[in-house]
Amino acid sequence: MTNFYENIKDALSMLNGLEKDLNIRHFTPNELKVFYTIIIQSASSEGGSNITEIVDNSGMSRSTVYKTLKKLTNAGIIGLTQSPDDGRESLVTLNSIS
Amino acid sequence: MKNFFTVSLTSFVFSSALWIIWSFFVVQIEGNPNWLGSVFYLPHAARILCIVYFGWKAIPALFLAELWGPDFSIFDLESLINVIPALISVLSVPLALQTLDWFGFPLGNTSASPLNKRNYKHIALITMISAIYNSLFVNLMLTKFSMSSQEIGIDQIVRFFVGDMLGTTIVLMVLAMILNPIINSQKAKQSRSIHQ
């Protein structure tokens with residue numbers, strides 16, 4: 001049985017390395033939810049994601065979403081640009097995951 | 001034969017779980033287009049992880065899960081048609097490991113190992129080679145024995161390759177996130193025992 005657990009430990013170690021390189025460890029579960037919502041929306045929308053849609057789709061409060069966006073912007077993961085359709089609306093663009 | 005039962009049970013449950021999750025998504029997209037499911041082929045991750053970490057002992061269980069997986073009925077005569085493609089799919093991983101071994105990259109679990117199972121980049125390399133074998137040999141078999149109802153072209157081979165790669169990537173990323181608390185608690189335990 002020791003060998004079995006050693007193999008599981010090796011697998012966990014590999015996953016640990018992957019998570020470390022993804023650079024997502026310092027995010028809380030709520031922040032991660034917002035982050036993955038942005039990723040999913042970025043895949044389907046050109047030119048950036050609408051913040052109101054991120055709030056709706058993530059199920060998080062507006063303040064949590066804004067805090068997360070600030071954290072992600074400071075980390076250089078996302079960028080905020082002004083919407084060409086509505087000057088009061090900001091669009092979220094994904095820069096990089098790592 | 002040590003741990004054979006534990007390894008077989010773990011491999012079968014893990015592989016079956018991925019089959020069920022994958023089938024759920026395939027049902028969700030309502031087979032439109034009918035090839036979309038093969039673009040994120042989650043079950044390939046079970047082949048990779050179980051064979052890389054448990055070795056040959058995982059092969060029989062993975063093969064059984066492979067037969068059971070697509071239709072969830074092993075006694076269905078129709079699923080017996082899948083025997084050879086299923087076997088090829090499972091064996092694509094040991095074949096990839098053997099290929100790397102021939103090129104002087106034997107599998108190990110230390111940073112000094114040419115192919116380190118603790119390094120996800122090395123797992124990605126194994127995934128890529130096995131995906132090439134799987135897409136080529138399975139489609140070759142389907143063409144040779146006219147087992148597919150639709151015409152097999154280069155696009156299907158590429159789709160199988162991309163599907164295996166993407167499916168494994170998705171599973172690894174999700175596992176890395178889900179297993180984070182376990183990894184952290186293990187590390188905390190280790191550091192506590194060092195300090196004591």
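Residues are numbered from 1 along each chain as its sequence is written, and chains are lettered from A and ligands numbered from 1 in the order in which they are written. As the model is predicted, local features need pLDDT of at least 70 and side-chain atom pairs count only at pLDDT 80 or more, while totals for chains, interfaces and linings use all residues.

The secondary structure of chain B consists of seven helices and two strands. Helices (H or I, at least four residues) and strands (E, at least two) are DSSP runs, numbered from the N terminus. Read from the N terminus, the elements of chain B follow the order α-α-α-α-β-β-α-α-α. Chain B has 196 residues, of which 35% count as buried. A residue is buried if 20 or more other C-beta atoms lie within 10 Å of its own, exposed if 12 or fewer, and partly exposed in between, with C-beta atoms placed from the backbone. Among the contacts in chain B with a separation of 6 or more, 69% are between residues 24 or more positions apart. Two residues are in contact if their C-beta atoms, placed from the backbone, lie within 7 Å.

Helix α3 of chain B spans residues 59–68, and its buried residues are B:Ile59, B:Ala61, B:Leu62, B:Phe63, B:Ala65 and B:Glu66. The cover over these buried residues includes α1 (4–28), α2 (43–54) and α4 (83–102) of chain B.

Helix α5 of chain B (residues 120–144) packs with α2(B) at an angle of about 120 degrees, and the two axes are 11 Å apart. Axes are lines fitted to C-alpha atoms, for helices over the stretch in contact, and angles run from 0 to 180 degrees between N-to-C directions. α2(B) and α5(B) are therefore oblique to each other; angles under 35 degrees count as roughly parallel, over 145 as roughly antiparallel, 65 to 115 as roughly perpendicular and the rest as oblique. The crossing of α2(B) and α5(B) is right-handed, where a crossing is left-handed if the near helix is turned anticlockwise from the far one by less than a right angle, and right-handed if clockwise. To this contact α2(B) contributes B:His44, B:Ile48 and B:Val52, and α5(B) contributes B:Ile123, B:Ile126, B:Thr127, B:Ser130 and B:Ala131. The residues of the contact of α2(B) with α5(B) comprise five nonpolar, three polar and no charged. Ala, Val, Leu, Ile, Met, Phe, Trp, Tyr, Cys and Pro count as nonpolar, Asp, Glu, Lys and Arg as charged, and the others, Gly among them, as polar.

α5(B) also packs against α4(B), where the axes come within 8 Å and cross at roughly 140 degrees. The crossing of α4(B) and α5(B) is likewise right-handed. Residues of α4(B) in this contact include B:Ile84, B:Ile88 and B:Leu95, and those of α5(B) include B:Ile126, B:Tyr133 and B:Phe137. By class, the contact of α4(B) with α5(B) has 15 nonpolar, five polar and no charged residues.

In chain A, three strands form an open antiparallel sheet in the order β1-β3-β2. Two strands pair if DSSP finds at least two bridges between them. β1 (49–50) and β2 (78–82) of chain A are at the edges with a single partner strand each, so one side of each lacks a neighbour in the sheet. Helix α4 of chain A (residues 62–74) packs on the sheet and touches β2 and β3 of chain A, its direction making about 110 degrees with that of β2(A). The antiparallel pairing of β1(A) with β3(A) (residues 90–94) has two bridges, with A:Asn50 opposite A:Leu91 and A:Ser49 opposite A:Val92. β2(A) and β3(A) run antiparallel and are joined by five bridges; in β3(A), A:Val92 is the bridge partner of A:Leu80.

Helix α3 of chain A (residues 51–58) contains A:Glu53, which counts as partly exposed with 14 C-beta neighbours inside 10 Å. A:Asn57 is also in helix α3 of chain A and is partly exposed, with 17 other C-beta atoms within 10 Å. Not counting residues up to four places away in sequence, A:Asn57 touches A:Thr37 and A:Gln41.

Between the chains, 15 residues of chain A are in contact with 21 residues of chain B. The chain A side of this contact has eight nonpolar, five polar and two charged residues.
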